[in-house]
Amino acid sequence: MRMRPTLSWTPTGEVSPGTTDLGPITDALSSGGVLVLSGAGISTESGIPDYRGEGGSLSRHTPMTYQDFTASAQARRRYWARSHLGWRTFGRARPNSGHRAVAAFERAGLLAGVITQNVDGLHEAAGSEEVVALHGSLARVVCLSCGTISPRRELAKRLEEANAGFEPTAAAINPDGDADLTDEQVRDFRVLPCTVCDGVLKPDVVFFGESVPPRRVEQCRAMVREASALLVLGSSLTVMSGLRFVRQAAAAGRPVLIVNRDPTRGDQHAVTRVTLPLGAALTAVADQLGVTVGD
């Protein structure tokens, strides 16, 4: 069964204004065993927009759904043309101070691991090693027919050769690597099949409306069970794929701490929500703990 896409969430009842007090986060990390759950908000300082914050991409862009992608050759052409252009921007993105702080906490032995909802690979690029990419990675491509997984860079090279002269100007780049292009701009884009079986290629990411692989979900649930606390970084927790781990942690009596500018769907389960910018907040926590964050 595939989940129905949840693209928006509206707070009900009284909304907590949040705090700027980093004390609870510093205290939790000082004890070790903290599990990080990160969302698109941690990558905004790397030039990758989020979905739902101020100016978020959902205000102008509806992400590709699994159902549309698999049902329509036209949808796949639109996706691959836009994603091919967006991949160039993603390839240039570099980890920011938030990613580097998380990696530094791991090196210092303060983390139980990282679950990220992002597909940009920036946690790994910053040096984090115990990372579960909940929604997959844009750096890989999977064939929906034979299951072959291949590097995105190989497909990017093939697409460059098959679409010589494809240099449209995008209105914006979105968190899923999808560039905003018109139907006219993508009309003649040539989509390529799997080199093994001529099947349909898809980025190895979980689209909206698609389920996270059960084995990956259980891996994350096991991490929550072993963690001393759950630290949510830059996620609105709108989609159940991330919210379920917050609910699990809270039900087990694990403290949930959130750093996010706006209210989240998990606030009711949290002991605190810090509203400071992520990079500055995590760097300040690192300073308080005597942890060095590299450049």
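Hi everyone, and thanks for coming. Before the tour, some ground rules. Residues are numbered from 1 along each chain as its sequence is written, and side-chain values use heavy atoms, with hydrogens and water left out. The model is predicted, so local features need pLDDT of at least 70 and side-chain atom pairs count only at pLDDT 80 or more, while totals for chains, interfaces and linings use all residues.

Let's start with the whole chain. It has 10 helices and 9 strands; here helices (H or I, at least four residues) and strands (E, at least two) are DSSP runs, numbered from the N terminus. Of the 295 residues, 52% are buried. Buried means under 20% relative accessible area, exposed means over 50%, and partly exposed is in between, with a 1.4 Å probe and protein chains only. The accessible surface is about 13,500 Å², and carbon and sulfur atoms hold 48% of that; such areas come from the Shrake-Rupley method with a 1.4 Å probe, and for residues only the protein chains shown count as cover.

How much of the contact list comes from residues 24 or more positions apart? They account for 75% of the contacts with a separation of 6 or more, where contact means heavy atoms within 4.5 Å.

Six strands form an open, parallel sheet in the order 3-2-1-7-8-9. Two strands pair if DSSP finds at least two bridges between them. At the edges are strand 3 (131-133) and strand 9 (272-274), each pairing on one side only. Neighbouring strands here are turned by 20 degrees against each other on average, direction ignored; the axes are lines fitted to C-alpha atoms, for helices over the stretch in contact, and angles run from 0 to 180 degrees between N-to-C directions.

Let's walk across part of that sheet. Strand 1 (residues 34-38) pairs with strand 2 in the parallel sense over 5 bridges, and S38 has T116 as its bridge partner there. T116 in turn has a bridge partner in strand 3, namely A133, and strands 2 and 3 share 3 parallel bridges. Why is strand 2 described as largely enclosed by the rest of the structure? Because 5 of its 6 residues, in the stretch 111-116, are buried. Elsewhere in the sheet, 4 bridges join strand 7 (residues 229-233) to strand 8 (residues 256-259) in parallel, with L233 opposite V259.

Is S128 buried or exposed? S128 is buried, with a relative accessible area of 5%. Beyond its neighbours within four places in sequence, S128 contacts V102, A103, E106 and H123.

Next, the greasy parts. A nonpolar core is a set of buried Ala, Val, Leu, Ile, Met, Phe, Trp, Tyr and Cys residues joined through side-chain atoms within 4.5 Å. The largest one has 28 residues, and Y79, W80, L201 and F207 touch the most other members. Several elements supply at least two residues each, including helix 2 (66-71), strand 4 (136-143) and helix 6 (152-162). The largest share, 6 residues, comes from helix 3.

Last stop: charges. Side chains of opposite charge can pair when their charged atoms come close. A salt bridge is a side-chain nitrogen of Lys or Arg within 4 Å of a carboxyl oxygen of Asp or Glu, and by this rule the count is 7. R140 and D204 form one, at 2.9 Å from N to O. This pair links distant parts of the chain, since R140 is in strand 4 and D204 is in strand 6, 64 residues apart. R140 is partly exposed at 31% relative accessibility, whereas D204 is buried at 17%.

K202 pairs with E210, with the closest N and O atoms 3.3 Å apart. K202 is buried at 3% relative accessible area, and E210 is buried at 16%. R273 and D267 also form a salt bridge, with closest N and O atoms 2.9 Å apart, and both residues are buried. Finally, salt bridges that share partners join E184, R187 and D188 into one network.
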